[in-house]
Amino acid sequence: MAKFYDEIPEWLFEWIKKQHMFWVASAPLSAHGHVNLSPKGTADCFHVVNSKQVWYEDLSGSGIETISHLRENGRITVMFSALDGPPRILRLFGVGTVHEYGTPEYDALIPATTRKPGSRAVIVIDVYQVGTSCGFAVPVYGFVTQRTQLLRYFDKREAVDRSFASSQQQPGSCSDDNCDSEVAPAKGETVPQGSLRAYWLLKNTHSLDGLPGLLTAPDAIPTATPQSHFDKGGLRPTLRRGDESGRLVFGSLALGFALGIVTATAITRAFGKLQG
């Protein structure tokens with residue numbers, strides 16, 4: 001049965017922290033606009049401030065729908081769903097505010113030492129209603145590990161920005177052999193090919209409906225080049241738990257098959273003796 005609250009009940013705080021992913025829904029005001037629904041993962045991205053406010057670290061992607069919609073109307077819904085343990089669906093209805101990379105608000109919530117590669121904004125949500133429902137139709141899944149491909153992809157792009165910054169070349173002063181760029185946003189300004197800044201300028205400045213996306217983050221990179229603290233060894237995903245589960249399942253099947261053969265043989269012999 002669905003229940004509604006004016007704020008997040010405290011007994012849900014810990015449950016939210018244990019969830020490995022969540023979904024974010026938003027939409028433009030236009031009746032013909034694209035309604036967006038995005039899955040979000042990666043450890044330690046979602047944070048509960050109190051019963052009325054939450055925020056999450058928004059990582060880069062090929063679209064910018066949520067940020068664009070929030071800039072226009074602020075409407076947002078966050079949904080969590082239990083994929084293991086007792087079933088539950090939780091929806092947080094709220095008004096979202098965007099704080100882009102390089103702003104004081106972003107830096108206050110995400111220090112450079114904890115920022116994830118590709119992080120482009122903080123989405124702060126003021127919650128005005130909370131809804132819970134049964135989730136009885138949601139399948140049960142076993143969590144194996146967080147994927148890290150996205151983090152690795154943008155860590156490589158940020159490395160290009162760091163290399164470009166360390167070359168001490170100012171915009172418009174590139175040499176003949178170092179002018180390869182994806183985007184030239186202003187006359188005489190070069191953006192290095194393969195950089196995070198180039199990606200943002202190419203894919204994250206407008207939504208599918210043409211609404212503004214990132215406004216200041218691309219221009220912040222030259223003066224606030226992302227630091228590197230990416231643990232290439234510690235963040236490599238492993239399927240060890242899944243492999244162990246697979247071996248247990250295979251072992252159980254093999255044991256069951258062997259027991260089946262033994263049982264069938266015993267029954268056949270007993271039946272033969274009875275007939276004899």
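A salt bridge here is a side-chain nitrogen of Lys or Arg within 4 Å of a carboxyl oxygen of Asp or Glu. The model is predicted, so local features need pLDDT of at least 70 and side-chain atom pairs count only at pLDDT 80 or more, while totals for chains, interfaces and linings use all residues. Residues are numbered from 1 along each chain as its sequence is written, and side-chain values use heavy atoms, with hydrogens and water left out.

**View 1. Arg 120 and Asp 58 form a salt bridge between two strands.** The closest N and O atoms of Arg 120 and Asp 58 are 2.6 Å apart. Arg 120 belongs to strand E8 and Asp 58 to strand E5 (residues 53–59), so the pair ties together parts that are 62 residues apart in sequence. Strands (E, at least two residues) and helices (H or I, at least four) are DSSP runs, numbered from the N terminus. Arg 120 and Asp 58 are both buried. Buried means under 20% relative accessible area, exposed over 50%, and partly exposed in between (1.4 Å probe, protein chains only). Across the whole structure, the search finds eight salt bridges.

**View 2. Asp 219 and Arg 197 meet in a salt bridge.** The N to O distance is 3.3 Å. This pair links distant parts of the chain: Asp 219 in helix H6 and Arg 197 in helix H5, 22 residues apart. Asp 219 counts as exposed because its relative accessibility is 51%. Arg 197, at 6%, counts as buried. Helix H5 (residues 196–203) is mostly covered, with six of its eight residues buried. Among them are Leu 196, Tyr 199 and Trp 200.

**View 3. Glu 14 and Lys 17 form a salt bridge.** Their closest N and O atoms are 3.5 Å apart. Both residues are in helix H1 (residues 13–18), three residues apart, so about one helical turn separates them. An α-helix has 3.6 residues a turn, so residues three or four places apart point the same way. Glu 14 is partly exposed, at 47% relative accessibility. Lys 17 is exposed, at 57%.

**View 4. The largest nonpolar core has 38 residues.** Such a core is a set of buried Ala, Val, Leu, Ile, Met, Phe, Trp, Tyr and Cys residues joined through side-chain atoms within 4.5 Å. Phe 46, Phe 80 and Leu 92 have the most contacts inside this core. Strand E8 (residues 119–133) gives the most to it, with seven residues. Leaving aside neighbours within four places in sequence, Phe 46 is in contact (heavy atoms within 4.5 Å) with residues including Ile 16, Trp 55, Val 78, Phe 80 and Leu 92.

**View 5. Aromatic rings pair around Phe 46 and elsewhere, for a count of 10 pairs.** Rings of Phe, Tyr and Trp (its six-membered ring) pair if their centres lie within 6.5 Å; planes under 30 degrees apart count as stacked, over 60 as edge-to-face and the rest as tilted. The Phe 22 and Phe 46 ring centres are 5.0 Å apart, with planes at 65 degrees, so the pair is edge-to-face. Phe 22 sits in strand E2 (residues 22–26) and Phe 46 in strand E4 (residues 46–50), 24 residues apart. Phe 22 and Phe 46 are buried. Tyr 101 and Tyr 106 are also edge-to-face, because their ring centres are 5.6 Å apart and their planes are at 80 degrees. Tyr 101 is buried at 6% relative accessible area, and Tyr 106 is buried at 1% relative accessibility.

**View 6. Ring pairs join Trp 15, Phe 22, Phe 46, Tyr 56 and Phe 80 into a cluster.** The charged end of Arg 88 sits over the Trp 15 ring, 5.1 Å from its centre. A charge sits over a ring if NZ of Lys or CZ of Arg is within 6 Å of the ring centre and within 35 degrees of the ring normal.

**View 7. His 69 lies in helix H2 (residues 65–72).** His 69 is buried, at 0% relative accessibility. Leaving aside neighbours within four places in sequence, its contacts include Ser 26, His 34, Asn 36, Asp 209 and Leu 211.

**View 8. Ser 228 lies in the loop between helix H6 (217–220) and helix H7 (240–275).** Ser 228 is partly exposed, at 44% relative accessibility. Not counting residues up to four places away in sequence, Ser 228 touches Asp 155 and Arg 162. The C-alpha atoms of Ser 228 and Asp 155 are separated by 7.7 Å, although the two residues are 73 apart along the chain.
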